[in-house]
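Here are some friendly notes to read beside the model. Have the sequence and the coordinates open as you go through the points.

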Amino acid sequence: MLETITAINGAVNGVVWGPLGLALLFGAGVMLSVRTGFFQLVHFRYWMRQTIGAIFTDRSVTAHTGTDDQAISQFQSLCTALAATIGTGNIVGVATAILSGGPGAVFWMWVMALLGMMTSFSENVLGIFYRHKNEEGAWQGGAMYYLADGLGRKKGCKQLGRVLAVLFAASCVLASFGMGNMSQINSIAGNLRAAFGVPELATGVVLAGCSAAVIFGGLKRVAAVAERVVPLMALFYLGGALVVVLVHASAVPAAFAAIFRGAFGLAPAGGGVLGCGVARAVTWGFKRGAFSNEAGLGASVMVHSSSNVTEPVQQGMWGLFEVFADTLVVCTLTALVILTSGLVDLETGRAAAGVVGSALVGEAFSTVFGSFGPKFIAVSILLFAYSTVLGWSQYGTKAVSYLLGPRAGGAYQAAFVGIMVVGAVMKLDLAWDLSDTFNGLMMLPNLVGVAGLSGTVARITRNYAARVFYGRDVAPLTASAPRPARR
């Protein structure tokens, strides 16, 4: 039975993360960048001021909504999305990309991030534009809504939009149990066992109890926890990584040289297999980049759509910063920690010490912090992975509510918390592979919708630019035509 599931999953995975899926991911990023005038590059200083800069200058960005308002602040939406986005992929995923695709994979992670920034931007723009309020006054938004109500409004696409919306939501629910829950908890339990000797079952029970107290409180409670945990965990990890890189500062030029050599086939990758260096670097860079920042998956837009903003572009800019922070900052620092440690062959990407995954990053930290290095990584994975679980609990809740109605959300949350204990004690090699596949099955319908609605994104972006950058007196495009509320 397991062999059959593995074979089927391998075949599907080969499609969604093969040349077709990666070409769609790359092509959507290029098209959206072109149609918006490369907004992520041309207006870099502006959107940085409007996002991370505004946290310190504009109280409305961080101000909490009232108890009778179920929307969340812009900063809370960012932290909740980053909670789900910054996870084991930023540690284990980067190490895997380098070991499998060579140092050049890091360059293609950057490329995917630069293009993915506009994919994330577009998802958020569409999420705000097509969101609805349910009977309880809570915003309901996400890929399933712009697929059904945006793409579905195009001539001849009504049924296609609905089918893609259901496929996306169903895949999201399955991915939430896999990548968003069991895989993350299993990583936490394994690392705490190795670093501190904590039994896996104890980890699962404690985390399930803590999660129940947060998740059952709904999005506002999850957002309140995320806005406290995410900045602290990011500073904790980035601070440690910066120390390692600064200690190995003399090796930084060689690390960057290896990245660029490997990216363009000037050095063999994947254990020295000459001739496939570029292909392996591109494939692993794109796959791990997408896995890390989730641009194109359409997941984080479900949280961003609950933000208390009216301008779609304003929330789109938080999507730009989300990808920028995840990949161009966190993943880059992880890559430099690995490549400057002396534990990896800069020509092939092979681990000189014979370690893989999170163990490689822990060993890299130990070159500076000694025996505390693996413990530092264990704590980092605890924070990263647990915050991912909280974020994905909301994605799954919203997807289930779309498919089965809001009453199904409570049952889903109970199952989500309960399965955390199972995830802590299971052997999850297949679960990781299945999670990759379900991510891809979310990505494909989402990208079809985003690409099909790229004209809408372009119009909204041009409208915003005309008003904000050029001072033209034009009516804002802040919402689509009125329509009845949906569940």
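**Notes on the predicted model**

1. Of the 487 residues in the protein, 59% are buried, where buried means under 20% relative accessible area, exposed over 50%, and partly exposed in between (1.4 Å probe, protein chains only). This is a predicted model, in which local features need pLDDT of at least 70 and side-chain atom pairs count only at pLDDT 80 or more, while totals for chains, interfaces and linings use all residues. Residues are numbered from 1 along each chain as its sequence is written, and side-chain values use heavy atoms, with hydrogens and water left out.

2. Confidence comes next. The mean pLDDT (the predictor's confidence in each residue, from 0 to 100) is 85 for the protein, and 92% of the residues score at least 70.

3. Please take care with two stretches. Residues 268-276 stay under 50 in pLDDT, and the model gives them 17 contacts beyond four places in sequence; a contact means heavy atoms within 4.5 Å. Residues 481-487 are also below 50, with 24 contacts in the model beyond near neighbours in sequence. Where pLDDT is low, the predicted coordinates should not be read in detail.

4. On the overall fold, the secondary structure comprises 22 helices and 2 strands. These are DSSP runs, numbered from the N terminus: helices are H or I with at least four residues, strands are E with at least two. Taken along the principal axes, the C-alpha atoms fill a box of roughly 60 × 50 × 50 Å.

5. Why does the radius of gyration fit a compact globule? A compact globule of 487 residues would have a value near 23 Å, and the protein has 21 Å, which agrees. The radius is taken over C-alpha atoms, and the globule rule is 2.2 Å times the number of residues to the power 0.38. Of the contacts between residues at least 6 apart in sequence, 83% join residues at least 24 apart.

6. The protein exposes about 18200 Å², and carbon and sulfur atoms supply 66% of that area. Accessible areas come from the Shrake-Rupley method with a 1.4 Å probe; for residues, only the protein chains shown count as cover.

7. How many salt bridges does the structure hold? There are 3, each a side-chain nitrogen of Lys or Arg within 4 Å of a carboxyl oxygen of Asp or Glu. In one of them, R467 pairs with E311, with the closest N and O atoms 2.8 Å apart. This pair links distant parts of the chain, 156 residues apart: R467 is in helix α22 (residues 454-468) and E311 in the loop between α16 (301-304) and α17 (312-339). Both R467 and E311 are buried.

8. The R193 and E200 salt bridge has its closest N and O atoms 3.5 Å apart. R193 is partly exposed at 42% relative accessible area, and E200 is partly exposed at 27%. R228 and E227 meet at 3.8 Å, N to O; R228 is exposed at 53%, whereas E227 is buried at 12%.

9. Two further positions deserve a look. S401, in helix α19 (residues 372-404), is buried at 11% relative accessible area, and its side chain reaches the backbone oxygen of T397 at 2.8 Å. G37 sits in the loop between α2 (19-35) and α3 and is partly exposed at 41%.

Methods
Polar contact = N/O pair within 3.5 Å; in protein donor to acceptor, adjacent residues only side chain to side chain.
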